[in-house]
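Here is a short briefing on a predicted model. Keep the structure in view as you read.

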Amino acid sequence: MFWENVKLALSAMKSSKMRTALSLLGIVIGVGAVVAILNLGDSASQNITKSLNAGGTDIITIWTQPDERTEDVFTSEFGNTLKNSVEGIDSVLPQMMSSGAIRSNKKSVGAQIMGTESLYFSAQNLSFDKGRAYTLEQNINNKEVVVIGYNIAQELFENENPIGKRVNFILQSGAVKSYEVVGVLAKKEQSYTMSFDNSVFIPFNTFTTKLVNNDVVSSYVVKTNKNYDTIEVSDNLNRFLDTSVGNDSYQSFSPAMITTMANEVTATLSLFLAAIAGISLLVGGIGIMNIMLVSVAERTKEIGIRKALGASPSVIRGQFIVEAVTLTLLGGFLGIIFGSFISLAVTNLAGWTLTLSYKSFIVAVGFSMFVGIFFGWYPAMTASKLDPIEALNYE
Amino acid sequence: MVKNVIHLEDVKRYYLVGDFFVKALDGVSLDIERGEFTAIMGPSGSGKSTMMNLIGCLDTATSGNIFIDGENTAGLNETELAYIRNKKVGFVFQQFNLLGKESALRNVETPLLYAGMKPKERKRKAIEALEKVGLSDRMYHRPNELSGGQKQRVAIARAIVSNPAILLADEPTGALDSKTGSQIMQLFEELNAEGRTVVFVTHDRDLGNRCRRQIHIRDGRIEE
């Protein structure tokens with residue numbers, strides 16, 4: 001009986017192709033929008049996760065916001081205090097930060113200038129395109145050496161090998177300091193914490209004693225132990241800092257934390273957008289109801305004949321509900337194709353990688369079936385309740 | 001226990017039209033035995049169509065009892081009435097009432113489909129019925145590819161396919177020319193000769209005279 005009804009539905013759809021196509025359009029657009037939004041939500045969140053993870057999920061960065069009360073606290077020794085006070089920390093590396101112009105070969109470029117320890121590069125998982133990191137010794141001995149980011153190397157040296165060449169820092173006072181390039185970083189995916197490609201790195205001690213006479217640390221890079229949950233360590237660290245320096249003197253940032261947050265936000269946003277797309281599905285459903293009512297009215301005579309031949313009300317109801325569901329399911333499948341193409345187009349434009357989730361397909365098929373049953377019910381009831389004699393005499 | 005295949009006891013069917021009751025049938029009692037060939041005759045508006053609808057379980061009486069093949073139809077719901085129409089009654093209509101989008105074979109199969117029969121057996125029985133009415137070479141044609149007489153033969157095949165207790169025909173020759181009509185009438189006579197109960201509704205005296213028994217209806221009452 002069920003397959004007979006599906007056959008009947010298909011032949012009814014075939015006999016009025018234009019009308020079927022137009023009434024399907026609503027469902028196709030509705031389901032397409034739901035599929036596109038769910039898939040784009042997934043792709044967006046994976047994309048965000050990917051760029052956050054570029055900075056390393058085991059890293060917590062603490063930006064200092066020193067005031068008169070706390071400027072003496074944020075020293076390089078304070079890093080050790082943090083490491084010893086909070087469980088699950090492998091290392092704490094203090095960093096100084098400044099920005100300025102760098103010149104070489106008469107070319108000049110703006111850069112973020114970081115004073116940091118030699119361990120920083122391995123902690124941040126940075127690899128080298130040319131040369132290597134400066135050593136612990138060079139740091140202790142205030143050597144005038146520099147590691148430059150990929151973009152800086154391109155700007156200043158183009159195809160030349162920068163290793164062994166000198167770059168000049170132009171200070172605010174107008175003085176010029178010349179440092180030797182020992183390493184060039186490999187190109188790195190843009191991270192939300194900072195742009196490594198547009199930075200230069202000099203030993204921490206050199207920075208504090210020779211470049212800028214200031215020893216208030218601008219940030220601490222905390223590398224967590226891999227046996228500990230970064231978010232948990234971050235929470236403990238924040239608690240410790242809140243009691244020792246006060247919560248308005250620092251800001252902590254961990255990619256893991258942001259990843260979790262961003263995923264929550266995109267999930268909520270996707271759900272919200274999908275709900276809006278659901279409204280178009282509702283409108284599509286009303287279209288289906290309309291077309292089914294027309295179909296029932298047009299086929300009154302047929303319904304009368306079927307009743308005379310012994311079709312019970314539930315059989316007639318079944319026939320029209322199956323027809324409505326066949327219609328919406330067809331719309332659903334077309335919608336999945338339509339929505340996938342939209343997702344593909346948008347992710348191509350945004351430069352994300354597309355992930356098509358089977359979840360969205362299940363949701364789409366489920367929704368279109370539900371719409372078919374829900375909006376097919378009333379027309380089907382109308383058909384099943386027709387008086388056999390009146391229906392037979394209908395012209 | 002009612003033995004007769006059709007048994008009507010003081011059946012009334014009133015319609016409310018506006019503020020008036022129209023007495024379409026006003027106390028009709030009737031018995032038709034198994035194997036009879038009966039014509040129900042009367043002018044239009046006499047109530048003969050109402051009676052046929054009641055016997056065919058397309059309609060229910062305002063009061064009185066109607067027994068079809070021993071079963072009282074009074075108080076049955078739509079589903080139960082559909083079951084009786086499917087099992088006990090075969091309809092043949094003046095306007096053929098075939099399903100326009102289905103082949104002759106599928107048309108004949110439809111009552112068996114509603115009886116829940118398996119596709120293979122359905123097809124076998126439908127072919128058998130089509131052979132009986134002499135249309136086995138037209139089974140894959142749609143109604144619009146058939147002549148009036150052929151359409152009515154398909155309808156008759158459909159009416160007999162489930163071997164019902166009653167064959168109920170409402171002016172079955174009314175839309176046909178007299179020659180074709182006579183052939184259709186002959187087919188009914190053959191089916192009756194095989195022992196089928198045929199009830200024939202007509203206002204045509206010549207056709208009525210070919211039936212063994214005639215029941216005349218006027219103003220909702222029988223005047224036999």
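Start with helix α1 of chain B, residues 48-55. The helix lies across β1, β2 and β4 (63-68) of chain B. Its direction makes an angle of about 120° with β1(B). The model is predicted.

**The sheet in chain B**

- Four strands form an open sheet in the order β2-β1-β4-β5 (chain B).
- The pairing in this sheet is antiparallel.
- β2 (20-32) and β5 (71-72) of chain B are the edge strands, and each pairs on one side only.
- Strand β1 of chain B, residues 6-17, is joined to β2(B) by 10 bridges.
- L8(B) sits opposite L30(B), which belongs to β2(B).

**The largest pocket**

- The largest pocket holds about 600 Å³ of space.
- Its lining has 28 residues. Nearest the centre are I389(A), N393(A), S49(B), N53(B) and D170(B).
- Two or more lining residues come from each of α13 (388-393) of chain A and β1 and α1 of chain B.
- α1(B) gives the largest share, five residues.
- By class, the lining has seven nonpolar, 12 polar and nine charged residues.

**The second largest pocket**

- The second largest pocket holds about 240 Å³ of space.
- It is lined by 13 residues, and S98(A), S99(A), I170(A), L171(A) and Q172(A) are the closest to its centre.
- β2 (89-104), β6 (166-170) and α7 (204-211) of chain A each give two or more residues to this lining.
- β2(A) gives the most, with four residues.
- The lining has eight nonpolar and five polar residues, and no charged ones.

Note on methods: Residues numbered from 1 in each chain as written. Chains lettered and ligands numbered in written order. Predicted model: local features only at pLDDT ≥ 70, side-chain atom pairs only at ≥ 80, totals over all residues. Heavy atoms only, no water. Pairing = 2+ DSSP bridges. Contact = heavy atoms within 4.5 Å. Axes fitted to C-alpha atoms, helices over the stretch in contact; angles between N-to-C directions. 1 Å grid on protein atoms, 1.4 Å probe; cavity = no way out; pocket = protein on both sides within 12 Å on 5 of 7 lines; lining within 4 Å. Points joined across faces, edges and corners; volume = space filled by probe spheres on them. Nonpolar A, V, L, I, M, F, W, Y, C, P; charged D, E, K, R; others polar.
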